[in-house]
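Please read it alongside the sequence and the structure.

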Amino acid sequence: MLDTAYYAALGLSSICEKVLAAQRLTPEEGLALFRCPDITAVGALALHDRCRRHGNKAFYVVNRQINYTNVCVNGCIFCAFRRNTEDEPGAFTLDIEDVLARLREADSASLHLDELHIVGGCHPSRPLSWFEEMLAAVHTSKPDLPIKAFTPVEIAHFADLEGISTLDVLKRLQKAGLVMMPGGGAEIFDETLRSKICPHKADAAAWLRISGEAHSLGIVTNCTMLFGHLETCEQRVDHLCRLREQQDKSGGFTCFIPLPFLTENSRLKLPEENIGPQRGLDQLRTIAVARLMLDNIPHIKAYWIMLGQKLAPTALWYGADDLDGTIIEEHIGHMAGAASAQGMTITELEHVIRESGFTPVRRNATFNTLNFAEARQ
């Protein structure tokens with residue numbers, strides 16, 4: 001039970017009442033949650049909302065992540081993943097056979113994949129036809145495997161290279177086998193800040209428009225926010241509200257993933273107050289506020305690659321209901337400085353969830369729950 005008298009003493013009485021009634025919070029109320037001195041009070045509100053939606057369930061997916069290249073034209077100042085050219089040290093670019101080989105590796109490990117996640121940098125010359133061929137080859141190899149691929153930023157890049165609309169790009173990729181899109185590239189929507197940290201990337205309006213176009217075609221997507229760098233709490237709330245507004249319009253966001261900025265290998269240097277051990281508390285608070293503000297997005301992910309294998313399970317008590325999955329191989333977060341493992345087994349994921357006090361539930365890419373017999377394969 002939430003102590004309404006305590007929330008009144010914190011100045012959050014109206015927020016508590018709205019959470020109990022499952023009513024929408026205002027931007028000003030979202031900002032008040034960021035400013036509340038008691039993080040556990042904010043977390044309790046988010047836990048109430050999370051349990052109202054999902055009970056004691058915590059979701060995970062058996063997935064394989066493939067980053068097809070880190071050669072990218074965007075030049076985002078925060079990105080440790082990117083390389084300018086294929087000749088630069090640390091650069092890589094996969095061919096279609098490389099992608100298929102990684103699928104075969106998953107088969108050899110007796111994993112029944114429920115999601116294939118494909119993302120990469122915006123390569124300066126690789127044509128859209130290559131991505132169509134790659135999706136078709138994957139679909140032929142694994143016709144029942146849902147393919148989640150390409151952020152709105154990648155879609156915008158493909159359209160620029162081809163000289164066609166982003167909607168036409170989406171239609172062609174959907175025909176080749178695309179069923180879902182990840183939510184990367186959103187970063188922070190505030191235009192002034194975006195011009196400083198990712199000036200060459202598709203802007204906020206384009207990101208939101210492309211997401212809406214995908215939804216109009218029946219391609220569901222995730223959405224993200226990169227936080228913990230130069231942004232303010234006001235800019236975080238603005239970002240969440242823009243996502244909420246887009247969801248009101250197009251309804252295709254399945255999950256929100258708050259991505260904490262990893263400072264270790266970035267060219268973006270932060271002020272001293274933005275680094276240090278207090279960042280963990282800020283990450284939990286941000287997850288909680290996201291759960292409370294995004295009333296029309298069903299799932300909140302605690303992405304263990306970026307949060308770490310200790311904090312991510314804690315986030316299940318702060319509004320998150322999903323830990324992502326097995327992953328197997330990941331480059332973007334680790335090149336930025338993530339100290340987490342490259343992958344987790346089903347046994348490890350289920351153990352972490354149970355030890356955190358929740359019931360593990362295996363899902364597929366589009367958050368459809370798999371039955372118990374399937375989950376044990």
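**Helix packing, sheet and a glycine site**

1. Ile155, Ala156, Phe158 and Ala159 of helix 7 meet Thr166, Val169, Leu170 and Leu173 of helix 8, where contact means heavy atoms within 4.5 Å. The residues of this contact comprise seven nonpolar, one polar and no charged; Ala, Val, Leu, Ile, Met, Phe, Trp, Tyr, Cys and Pro count as nonpolar, Asp, Glu, Lys and Arg as charged, and the others, Gly among them, as polar.

2. This is a predicted model, in which local features need pLDDT of at least 70 and side-chain atom pairs pLDDT 80 or more, while totals for chains, interfaces and linings use all residues. Residues are numbered from 1 along each chain as its sequence is written, and side-chain values use heavy atoms, with hydrogens and water left out.

3. The axes of helix 7 (residues 152–162) and helix 8 (residues 166–176) come within 8 Å and cross at roughly 105°. Axes are lines fitted to C-alpha atoms, for helices over the stretch in contact, with angles from 0 to 180 degrees between N-to-C directions. Helices (H or I, at least four residues) and strands (E, at least two) are DSSP runs, numbered from the N terminus.

4. Seven parallel-paired strands form an open sheet in the order 2-3-4-5-6-7-8; two strands pair if DSSP finds at least two bridges between them. Five bridges join strand 2 to strand 3 (residues 115–119), and Arg64 has Leu116 in strand 3 as its bridge partner.

5. Gly212 lies in helix 10 (residues 204–216). Leaving aside neighbours within four places in sequence, Gly212 contacts Gln246 and Ser250.
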